[in-house]
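Open the model in your viewer and keep the selection tool at hand. The tour goes stop by stop: select, look, move on.

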Amino acid sequence: MSKERTKSLVDLFSSRLTTLGHIFEISEQHFHEESESILDFRLIEDMLPFGTQIAYACNQPYNFSLWCKNQESDNLSPKIESLTVAKNLIERTKSQLQDSELRDSKLSELKRINLGGNQYLELEGKDYIQEFLIPNFYFHMVSAYNIMRMKGVPLGKVNYMAHVAPLVKVA
């Protein structure tokens, strides 16, 4: 069971990271010479910028991979300094996922998640995946997508749902 579950999670994170990379590339092309500035774009002032949304989206599969290896979570730097760093981060995260193996015992193990200050969560492994990693991943991916849509990048649902494109059939 764990090899199938691991493959399913690795495939989910990998395909969505590919989508995030696609959104990033379209955004970079749209802004041409001013593309470096996209890393600082925000939906509203009190939300994190595009570059940080990319880093935080990558944190989820990155920390999943560490967790599978019985290593402590180690959040990636939220400061993305260049477009090259952002692209490399997405690709490096996809690569790191490939050697992940989720053992069944991890699903019932308690995972402590420090939230900052003196706050933390303790979740069983299965809840860590379903209630923390996946929702956080999608939140930051959607935020990155929405930032670029707001800035006029020609993105649509087809770009966000690129992972199902191979399954589309013609009647």
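Select Asn-70 first. Asn-70 sits in the loop between helix H2 (50–68) and helix H3 (83–97). Helices here are DSSP runs of H or I with at least four residues, numbered from the N terminus. This is a predicted model with residues numbered from 1 along each chain as its sequence is written, and local features need pLDDT of at least 70. Side-chain atom pairs count only at pLDDT 80 or more, while totals for chains, interfaces and linings use all residues; side-chain values use heavy atoms, without hydrogens and water.

Check the backbone of Asn-70: phi is positive, about 60 degrees, although the residue is not a glycine. Most residues other than glycine have a negative phi. Asn-70 counts as exposed because its relative accessibility is 57%. The cut-offs are over 50% relative accessible area for exposed, under 20% for buried and partly exposed in between, with a 1.4 Å probe and protein chains only.

Next, select Ser-14, in helix H1 (residues 2–31). Ser-14 counts as buried because its relative accessibility is 12%. Show its neighbours: Ser-14 touches Lys-94, Leu-97 and Gln-98, leaving out residues up to four places away in sequence. Contact means heavy atoms within 4.5 Å. With Gln-98 there is also a side-chain to side-chain polar contact at 3.3 Å. Such a contact is a pair of N or O atoms within 3.5 Å; within protein, one must be able to donate a hydrogen and the other to accept it, and residues adjacent in sequence count only if both atoms are side-chain atoms.

Now turn to the rings. Rings of Phe, Tyr and Trp (its six-membered ring) pair if their centres lie within 6.5 Å; planes under 30 degrees apart are stacked, over 60 edge-to-face, the rest tilted. The count comes to 9 aromatic pairs. Select Phe-13 and Phe-137: they are edge-to-face, 5.3 Å centre to centre, with 75 degrees between the planes.

Go on to Phe-24 and Phe-50. Their centres are 6.1 Å apart and their planes at 5 degrees, so the pair is stacked. Phe-24 belongs to helix H1 and Phe-50 to helix H2, 26 residues apart.

Last stop: Arg-112. Its charged end sits over the ring of Tyr-120, 3.5 Å from the centre. The rule asks for NZ of Lys or CZ of Arg within 6 Å of the ring centre and within 35 degrees of the ring normal.

Methods. Helix = DSSP H or I, 4+ residues; strand = E, 2+ residues; numbered from the N terminus.
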